[in-house]
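Here is a short note on the model, written as numbered points. Please read it with the structure open beside it.

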Amino acid sequence: MVPGRLLLLIVTTVHYASGAFVGINIGTDVSNMPSAPDVVAILKANQITHVRLYDADAHMLKALADSGIEVMVGVTNEEILGIGESASKAAAWINQNVAAYLPSTNITAIAVGSEVLTTIPNVVPVLVPAMNYLHKALVASNLNFQVKVSTPQAMDVIPRPFPPSTATFNSSWDSTIYQILQFLKNTNSYYMLNAYPYFGYTSGNGIFPLDYALFRSLPPVKQIVDPNTLSHYDSMFDAMVDAAYYSINALNMSGIPIVVTETGWPWLGGANEPDATADNAKTFNNNMIQRVRNDSGPPSQPNFPINTYIYEMFNEDKRPGPVSEKNWGLFFINGSSVYTFSLGTSSRVTGNNSDFCIAKPNADPGKLQNHASYAYNDYYQRMHAAGATCDFDGTATTTTVNPSYGSCKFSGSSTITTNSTAGFTPSVAPGPVTPQGGSGTTNLQVLRIQFVI
């Protein structure tokens, strides 16, 4: 997706020696975006140890000081052209956005642009020069061992990712990609990959089962096997990462680790996006976290763990596009979680353990009855243990947000205790069911009036 990180050791060595991590992307196309200190309070409360910023926002970098959180800062797509044409501009960028915050803010990586090859081809000729200039500026500041430079690319640069063993980069970009890989090899950096099984599944015309995209076990007759290597792929995520490794190898390069800079699953979609549900998002992200934490790589590179950043922290309701584009977040702006998950290294679980079944905001009114959400949820709570699902002819979805209102109490409701962190309350609290701009409270009341009262 295109959006609108203090030890003097090699970064990749540090990451692998301490175990694979799961971090989070922080996009800012959000109505009523929380303040930088509040964002950091949410990160700390949920034991999130790595973040990626899409720019080098001064407020966020100051707020992250002394937090211990590793930070990946971003050179925006709009900044690449100037930096790629001027070593002095690159040096100024490093001085202003990196050196000025170290060592208090633990900046460990710079992402140069986002999916440049597939979104802004006119900038491609200066992409590698920009990376080189930034690295030379880091060398001049004696920061090159701590801060690594790379550039995130989409899976689209690999036109046929399955089977992984035959995957190659789009040949029209071979020259640029080879230069990128040579840079990463020379500077001991890593390849940044944006890998979305959600898009791989929804655009696959039913070729792969949903369980494969969600890291669920498949029966023997449905297991995914590379016919050339006979390697078994337990998830589309692993196959995508391995396709990138094979593509790198096809250019006679090796030994370059891959970091997944974006992955995730939307928890809400439009009428034509049936797979964007809270259940699927919860399943994908929790299974992905568990898979990354096993500290192994894909079949071709089992000793290269897959450090990964979830897309994303908040629901970017100001983003254009379909409903799903606005609903990838793990948190609402009040710090409450969209669904239950665990990102920290401990066994602490974030979110409400109760799921509620409610009518979809965009459901066909002709298929609904009065009190639809209440009726759906009552049935779901009573029959879920027996295998009932929250679907109701495609008009319902699950949410961890308690839809109870006034004297109308939904089955599964429980009292929520919150703990204040740095003046902010990040634990689970009622939040908007579908953020569409404005305050979450207003949106939730609209849904309550429509489906409950």
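1. T187 sits in the loop that runs between α8 (174-186) and β7 (191-194). Helices (H or I, at least four residues) and strands (E, at least two) are DSSP runs, numbered from the N terminus. T187 counts as buried because its relative accessibility is 11%; buried means under 20% relative accessible area, exposed over 50%, and partly exposed in between (1.4 Å probe, protein chains only). Apart from neighbours within four places in sequence, T187 is in contact with H135 and K148, where contact means heavy atoms within 4.5 Å.

2. A word on the source. This is a predicted model, in which local features need pLDDT of at least 70 and side-chain atom pairs count only at pLDDT 80 or more, while totals for chains, interfaces and linings use all residues. Residues are numbered from 1 along each chain as its sequence is written, and side-chain values use heavy atoms, with hydrogens and water left out.

3. In what order do the nine strands of the open sheet lie? The order is β5-β4-β3-β2-β1-β11-β10-β7-β6, and the pairing is parallel. Two strands pair if DSSP finds at least two bridges between them. At the edges are β5 (148-150) and β6 (152-154), each of which pairs on one side only. On average, neighbouring strands of this sheet are turned by 25° against each other, direction ignored. Axes here are lines fitted to C-alpha atoms, for helices over the stretch in contact, and angles run from 0 to 180 degrees between N-to-C directions.

4. Within the sheet, strand β2 (residues 50-53) pairs with strand β3 (residues 70-75) in the parallel sense over three bridges. V51 stands opposite V71 in β3. Helix α7 (residues 124-140) lies across β3, β4 (106-112), β5 and β6, and runs at about 175° to β5.

5. The structure holds one disulfide, a term for a pair of cysteine sulfur atoms within 2.5 Å. C357 and C390 form this link, with their sulfur atoms 2.1 Å apart. The pair ties together parts that are 33 residues apart in sequence, because C357 lies in strand β12 (residues 356-359) and C390 in the loop between α13 (372-383) and β13 (396-399). Are C357 and C390 buried or exposed? Both C357 and C390 are buried.

6. Helix α2 (residues 36-45) contains I42, which is buried, with a relative accessible area of 0%. The C-alpha atoms of I42 and S336 are separated by 8.9 Å, although the two residues are 294 residues apart along the chain.

7. Two peptide bonds deserve a check. The bond from L102 to P103 is cis, with omega near 0°, and P103 is in the loop between α5 (87-99) and β4. F162 and P163 are also joined by a cis peptide bond, with omega about -5°; P163 is in the loop between β6 and α8.

8. Backbone angles also need a look. D66 is not a glycine, yet has a positive phi of about 60°; D66 is in the loop between α3 (58-63) and β3 and is exposed, with a relative accessible area of 65%. F215, a residue other than glycine, has a positive phi near 65°. F215 lies in the loop between α10 (210-213) and β8 (224-225) and is buried, with a relative accessible area of 13%.
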